Amino acid sequence: MPEEGIDLSPSAKLLTSPEILYLSSLFVSQGVTKIRLTGGEPTVRKDIVPLMQDIGKLRTNGLRELCLTTNGISLHRKLDSMVEAGLTGVNLSLDTLDPFQFQIMTRRKGFDAVMKSIDRILEMNKVGAGIKLKINCVIMRGMNDREILPFVELGREKPVEVRFIEYMPFGGNKWSQGKMFSYQEMLDVIREKYPTFEKVADHKNDTSKTYRVPGFEGRVGFITSMTHNFCGTCNRLRITSDGNLKVCLFGNSEVSLRDIIRKENGGSPIDVDAMNNLQLLETVKSAARLSDEGGLVNEREREILDIIGMAVKRKKAKHAGMAQLKDMKNRPMILIGG
């Protein structure tokens, strides 16, 4: 959390829940099988559970995974309802296992609440909840690099995957290459204590490189955005909370889907009444059927799908290197979630 705090985005600029549901439906109709809700912090959204219930219903249309990226502070209070809504995976952001350091880094108390959320997920998994739990940890030299081994130790008896993320440059995060602790350096630290630390086969579109310590319940992943980019197999698309499509986390080109959706509503945010009046969910179903049959998709959906298609085709084979990224104008990470 920046020392100066953050300016909250005006609510009228953020996607409404009907708009999120419409876009989710549209993407699922085109073959997207996994949706992840990120942040900011998604659990503070007042209607997060009803929203997840609505998105969860898209399983009948081909959605397979509904996931959440969260700081975990209030997750344990909403977890049961989220699992009932269809939650299948949690990426929990945690950069330290030291409660005092946690308070310094996040500028709030809450370490015990985060650990409670982790324990609750593990308890639920013992009775068959099947939630994939990943703990995301950004390693920064001189800040938390001494905690690499304690994080690996988390997996000795707990079936969790700890994923170490290379520190990356974003607007306002005071990035410097000296702070970056590379994937290779992390491997060296772990192998010094665990020489048998071994690679595990990854899936084709994984963004992390997975390893394990033989005999441990958990696994360790590395997201190597800075030293070994994985752009060639990355199949992620991101819609920011204010409705812009980003085809790359490090790309500064964005296109607004929100403005296209609101065009027929006079530019105003779409609520449930407007969604019903404009028959948004009905036209998505129609677009999916027409697309399957080789027919002409209706105008609103065609315009949105054409814009998404053009953005995807412009996706670069590889993002810029460290020397260029630090000078590129991009959103702060806290405003990239969606």
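User: Is Asn91 buried or exposed?
Analyst: Asn91 counts as buried because its relative accessibility is 5%, where buried means under 20% relative accessible area, exposed means over 50%, and partly exposed lies in between, using a 1.4 Å probe and protein chains only. Please keep in mind that this is a predicted model, in which local features need pLDDT of at least 70 and side-chain atom pairs count only at pLDDT 80 or more, while totals for chains, interfaces and linings use all residues. Residues are numbered from 1 along each chain as its sequence is written, and side-chain values use heavy atoms, with hydrogens and water left out.

User: Where is Asn91, and what is it in contact with?
Analyst: Asn91 belongs to strand S3, residues 89-93; strands (E, at least two residues) and helices (H or I, at least four) are DSSP runs numbered from the N terminus. If neighbours within four places in sequence are set aside, Asn91 is in contact with Arg36, Leu68, Thr69, Thr70, Lys134, Asn136 and Arg163, contact meaning heavy atoms within 4.5 Å.

User: OK, and what about the nonpolar core, how many residues does the largest one have?
Analyst: The largest nonpolar core has 77 residues, and those with the most contacts inside it are Ile55, Leu94, Phe164 and Phe222. Such a core is a set of buried Ala, Val, Leu, Ile, Met, Phe, Trp, Tyr and Cys residues joined through side-chain atoms within 4.5 Å. Helix H5 (residues 111-126) gives the largest share of this core, eight residues. At least three residues come from each of domain 1 (17-24 + 31-237 + 317-326) and domain 2 (255-314), with bounds from an automatic or database domain assignment. As background, nonpolar side chains in soluble globular proteins tend to be buried together.

User: Which residues is Leu94 in contact with?
Analyst: Apart from neighbours within four places in sequence, Leu94 is in contact with Phe102, Phe111, Val114, Met115, Ile118, Ile135, Asn136, Cys137 and Phe151. Another core, of eight residues, lies apart from the largest one, and among its members are Met140, Tyr167, Met180 and Ile223.

User: Switching to rings, how many aromatic pairs does the structure hold?
Analyst: The structure holds eight aromatic pairs, counted when the ring centres of Phe, Tyr and Trp (its six-membered ring) lie within 6.5 Å, with planes under 30 degrees apart called stacked, over 60 edge-to-face and the rest tilted. One of them joins Tyr194 and Phe216, whose ring centres are 5.5 Å apart and whose planes are at 75°, so the pair is edge-to-face. Tyr194 sits in the loop between helix H7 (183-193) and strand S6 (198-199) and Phe216 in the loop between strand S7 (209-212) and strand S8 (219-223), so this pair ties together parts 22 residues apart in sequence. Both Tyr194 and Phe216 are buried.

User: And how are Phe197 and Phe222 arranged?
Analyst: Phe197 and Phe222 make an edge-to-face pair too, at 6.3 Å centre to centre with 85° between the planes. Phe197 lies in the loop between H7 and S6 while Phe222 is in strand S8, so the pair ties together parts that are 25 residues apart in sequence. Phe197 counts as buried because its relative accessibility is 3%, and Phe222 counts as buried at 1%. Phe197 and Phe222 also belong to one aromatic cluster with Phe151, Phe164, Tyr183 and Tyr211.

User: Which ring does the charged end of Lys199 sit over?
Analyst: The charged end of Lys199 sits over the ring of Tyr211, 5.5 Å from its centre, the rule being that NZ of Lys or CZ of Arg is within 6 Å of the ring centre and within 35 degrees of the ring normal. Lys209 lies over the face of Tyr183, 5.7 Å from the ring centre.

User: Back to Phe216, how far is Glu153 from it in space?
Analyst: The C-alpha atoms of Glu153 and Phe216 are 8.5 Å apart in space, although the two residues are 63 apart in sequence. Glu153 is in helix H6 (residues 148-153) and is partly exposed, with a relative accessible area of 25%. Beyond its neighbours within four places in sequence, Glu153 is in contact with Lys193, Tyr194 and Phe216.

User: Last one, what is the phi of Arg107?
Analyst: Arg107 has a positive phi of about 60° although it is not a glycine, and Arg107 is found in the loop between helix H4 (99-106) and H5. For context, most residues other than glycine have a negative phi.
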